[in-house]
Structure formats: C-alpha cells, structure tokens
Amino acid sequence: MTSNERKKQLILHAEEVFSKVKEYQDMGLICKDGDFVPSVHYPPITRYPDTNADECLKDFEYPADGFMDVYVHIPFCIRHCLFCHYPGKTGECRDEKEKYVSYLIREIDLYLKRFNIEKLKPRSILLGGGTPTYLPPQLFDHLLEELGKRMDMSCCKQYNVDHDPNSIIGEEGEQRLKIMKKHGITRLTIGIQSLDDDVLKVMNRSHNAEQAEEAVRKAVEYGFDVNIEFIYGHPGETIDNWIEVMDRAVRLPVGEIQIYRLKVQAYGDRQGKINTYEGGRQGTAIPDFKTTMMMKQIAIDILNENGYHETLRRVYAKDKRVFSHYAYNQCCNMYDQVGFGLTGFSSYHDRFDINSQYFDEYYSKIDSGELPITRGCRRSREEQIRQAIILPLKNRSVIKSDFLRKTGVNFDDVFQKKTETLKKYGLIEDNGKVVKLTEIGGFLADEVCEQYNSNMYKPFPRENFADGPLNPYLDNELSE
Ligand SMILES: C[S@@+](CC[C@H](N)C(=O)[O-])C[C@H]1O[C@@H](n2cnc3c(N)ncnc32)[C@H](O)[C@@H]1O
Ligand code: SF4
C-alpha cells in the first residue's frame, strides 16, 4: 500500500468512527459542543469543600497492611506551556526551589508523625509536576536521598518520575539520569506532546522534536522503562501533521505511549492561557470536535498497527504487563495513596484531600506544624459506590467480586436501569463477572463513566446534552 493509500484508509476509518460518535452525541451521551471533562476522581476534584487536616483526617484508619502509594509534587517548570493548567513557578528561582524542597521534607515528617509510623511503605511512587527534573541536579539528588530515608522500599514495584525532555539531555540531564539510577527510579514519563516543531512552538514548549527524541534515547540507554505523552486536538495540529507525529512516535524505542485530548477549560486550579488563545488569526485555531475525534482514532489505529494496545485508559503499550502502577493502584484498586507538596492530593479508601495551591499558604501551614490540606471530604456511602464503578470502569473494568468486597453491595443491585441502557446501546459489556467498556465505549470512556456521576456532579448542565435516551441525567438513582 502506498503511503497515500494508507493515509486515505486511516482517514476513512476515522470518519466512520466519528459518524458513530455523532449518533451517540445525538442520543445525549456527549454534550452538544463536544467538550469533555476527564473522569479522574470521584467526586470531581473541583468540587471538594474547604477543610483542614484535623477535620479531614479525623478518625482516619491507616491501612492494616501499612501500604500507601506515594505522590510527590514539584511545581517548577522552565516555562508555562500554552495548554497547561497546573499551577507552578517558572524560571530558575533557585532559592525558591531550595526552600520548597525543605518544606516538602518537613511536610512528609508531619505526616509520619500524624500516622505514627517511621517510614512510608509504598507500593509505587510517582514524582510529578511540574517538572521534578527541573530541580538543579544537586538539589534533586538531595530530595531523592531524603525521600529514600522516609520510605521502606522493600515492596515498591515502580518508582516513576515525570519529565520534560530538556531536563534529561545535555550535561545536567546526564547527571540527573545518573542520580535517578542511583536512587532506584525505574520508569520515566516524558512529556513530548508533539514531534512537529511548528506545533511545539505554538505550545510554547522548551524543546524541539529532535531534543525530545534525544531525551527518549538517553532514557532508554540508561535502562529506564519509558512512557511518552502526546496531546491531540491542539492548535497547530492537523490530520496530516498528526499522522506524521504518530508515525514518528511508534518508531521510538519506548514501551508506552500515552495520548491526551486537549483540555481547554481547566478542571483543576489554574486556568492556562489556552482558553483565550487567539491563534485562529494566524491559521492555528483549536481543531474542531470532528477533527479532534478523528485524530484520536488515527492515533489508535497507528498504535495498534505497530503493536501498541491500550493497557490503562489512553495508555498504549507493547507488553500488556506494562502500565503505571500508581494510576492502576489508585483508579482500579482504589488503594490508599498519599500526596505531598503544593496541590499534592491524597486519595484514601474513604476520603480525599488536596493541599493548598498557594506557596505562601503551603509554607505557613507547615511552619505552624499543620498539614497543608485545604480542601477535601469523606465520601458518603453512595459516593463510595459511584466511585467504585466510575474509576475502574474508565480505566479497565469493574470486577464484580471486588466491587462487592469494597462497597458491601452487589454490582447487579445498583444502577440497574442505567447499566441496562448502556448495554443496550453497545457501550458496556458484562460477562457475569466483569463489566467493561466496549470498543466504542472505551473511545468515549469519560462520557460513559460520567453517566454514573450523581446529577450534582455531572460535568455540564442538562440542557447541554441532547434530550435522548443517553442523556446522562436520566435514571441516575442508586436503586438497591
Ligand atoms: C502533569 S503534566 C507534566 C508534564 C511535564 N511537565 C512536561 O511538560 O513534559 C502531564 C501531562 O498531562 C498532559 N496535559 C497537561 N495539560 C493538558 C491539557 N490542558 N490537555 C490535555 N493534556 C494535558 C500532557 O501530556 C503532560 O505531559
Ligand atoms: S506541561 Fe509540563 S512543563 Fe509545561 S507548564 Fe505544564 S507542567 Fe510545566
């Protein structure tokens, strides 16, 4: 097949899939303008009330087996990318970085004291951001050293650090790779976003395509498991250049490729500049809903063609045993996970909390010996049940025996009408023991799973959805 014929075939298939998407939109599944909100936590992270550590952690029972997955947040970046909504500081700011790391360590010590333990016992660790590797090498080494002293690593299956490519190339990059090796880091997630230099410029990224590829080669050379991330539906992206980017991505020697749909409106704390982006004037408007959905299908086809298959939602790997343990433990098993740092969040078996997003508040709480938690809540029984469907279903599947163990109720006794409707319209399948999304259901995973949100937590108002059989506001009672 010539490359033109292949391109035509990819486009034709993506158009076919989009026509199905359109049918679901007309039935009320997808909101009328095609916008989406990722289902990442339940209740959604933006909806937690204000609280403090004493109120939020009252009567908290530390898990009997002593395990907690650990998240550590580093809110520093070289510069702000156009699409990014994460709060953080940009530029060198060495003094601030040193101060932050010292407070981070103090915060961990406050937790150890509160939980009355000497060390945390992680199943997995994720150092995310921001860009953890944007810390100067010596400070990065110090942070990893101090973290190491506070962790019992005997059962830690994966130690992951998020990066942007620039931080692991060149002389300093090489030092950081050595430091990570020394501290037992196993997996690197590299945010590449695109391999098209013009698109990278629109994104305001600090690297070009060649540097991104060099970062991947370096990480692989050092023996890390490598996961790379891309955004589709971003200004500057077209079907043509997206096909080239994905073709180039699958030629890289990585185990995992992750694709994110551009989120224009923030669902977290800080609104990135993307929602006021006026690049349309320069011919780089935000691609429309149809083009964005077609890009998604094209990426899936190219990934599948090259032996990459979905292991967790929107993550594609050549080996099905390769995936983020941190994400899997939190979203599929709902294990206890504790988070440190600015905006660091903890997702426990029965509650959720999130730290301050303001540096000053974060520091002053720690100065007064208080954990820097500012929002959170204990989930009600109904919220526990909804969460135990939404997160596993979105990411993999609901195993009915696990669901019963976690919630004390039978899956078949709750949301019967809703589940029947989703089955009838080909979005979920149930083999008696396991409930999972069908192929098209997986393609529309956020929308299908949000069907199980309570009406007060639907991502958009009722009138934003067509008044069809899949309008998410229908049949939403728990029903037992
Ligand atoms: C927490 S960010 C950290 C990435 C890292 N600092 C970097 O820039 O490479 C993790 C990933 O989320 C994705 N992401 C961030 N903002 C997004 C947005 N507005 N829409 C879609 N994906 C986004 C990007 O793919 C990014 O690599
Ligand atoms: S995408 Fe990464 S590097 Fe860019 S602003 Fe966000 S966290 Fe920072």
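**View 1. Surroundings of ligand 1.** A nitrogen atom of ligand 1 stands 3.3 Å from an N or O atom in the side chain of Thr-131. The model shown here and in the views below is a predicted one. On its own, ligand 1 has 570 Å² of accessible area, of which the protein covers 91%. Strand E6 (187–193), strand E7 (225–232) and strand E8 (256–261) are the elements that supply two or more residues to the shell around ligand 1. This shell comprises five nonpolar, seven polar and five charged residues. The nearest of the 17 residues around the ligand are Phe-83, Gly-130, Gln-193, Arg-205 and Glu-229.

View 2. Around ligand 2 are Cys-77, Arg-79, His-80, Cys-81, Phe-83, Cys-84, Gly-130, Thr-131 and Arg-205. By residue class, the shell around ligand 2 divides into four nonpolar, three polar and two charged residues. Phe-83, Gly-130 and Arg-205, listed around ligand 2, are also among the residues that come nearest to ligand 1.

**View 3. Two cis peptide bonds.** The bond from Gly-129 to Gly-130 is cis, with omega near 15 degrees. Pro-43 is found in the loop between helix H1 (3–26) and helix H2 (53–56).

**View 4. Helix H4 and its cover.** Helix H4 spans residues 137–149, and its 13 residues reach 18 Å from the first C-alpha to the last, close to the 18 Å expected at 1.5 Å a residue. Its buried residues are Pro-137, Leu-139, Phe-140, Leu-143, Leu-144, Glu-146 and Leu-147. An α-helix has 3.6 residues a turn, so residues three or four places apart point the same way. The cover over the buried residues of H4 includes strand E1 (69–74), strand E4 (124–129) and strand E5 (158–163), together with helix H3 (94–115) and helix H5 (170–182).

**View 5. Arg-187 in strand E6.** Arg-187 lies in strand E6 and counts as buried because its relative accessibility is 3%, under the 20% cut-off. The side chains of Arg-187 and Asn-160 are joined by a polar contact of 2.3 Å. Leaving aside residues up to four places away in sequence, Arg-187 touches Gln-158, Tyr-159, Asn-160, Val-161, Asp-225, Asn-227, Glu-256, Phe-323 and Ser-324.

View 6. Although not a glycine, Arg-314 has a positive phi of about 65 degrees. This arginine, Arg-314, is placed in the loop between strand E9 (309–312) and strand E10 (315–317). With a relative accessibility of 29%, Arg-314 counts as partly exposed. Thr-343, likewise not a glycine, has a positive phi of about 60 degrees. The loop between strand E11 (337–340) and strand E12 (345–347) holds Thr-343. Thr-343 counts as buried, at 11% relative accessibility.

How values were computed. Residues numbered from 1 in each chain as written. Chains lettered and ligands numbered in written order. Predicted model: local features only at pLDDT ≥ 70, side-chain atom pairs only at ≥ 80, totals over all residues. Heavy atoms only, no water. Helix = DSSP H or I, 4+ residues; strand = E, 2+ residues; numbered from the N terminus. Expected span 1.5 Å × (residues − 1). Buried < 20%, exposed > 50% of the residue type's maximum accessible area, 1.4 Å probe, protein only. Contact = heavy atoms within 4.5 Å. Near = heavy atom within 4 Å. Polar contact = N/O pair within 3.5 Å; in protein donor to acceptor, adjacent residues only side chain to side chain. Areas by Shrake-Rupley, 256 points an atom, 1.4 Å probe, with all protein chains shown as cover. Nonpolar A, V, L, I, M, F, W, Y, C, P; charged D, E, K, R; others polar.
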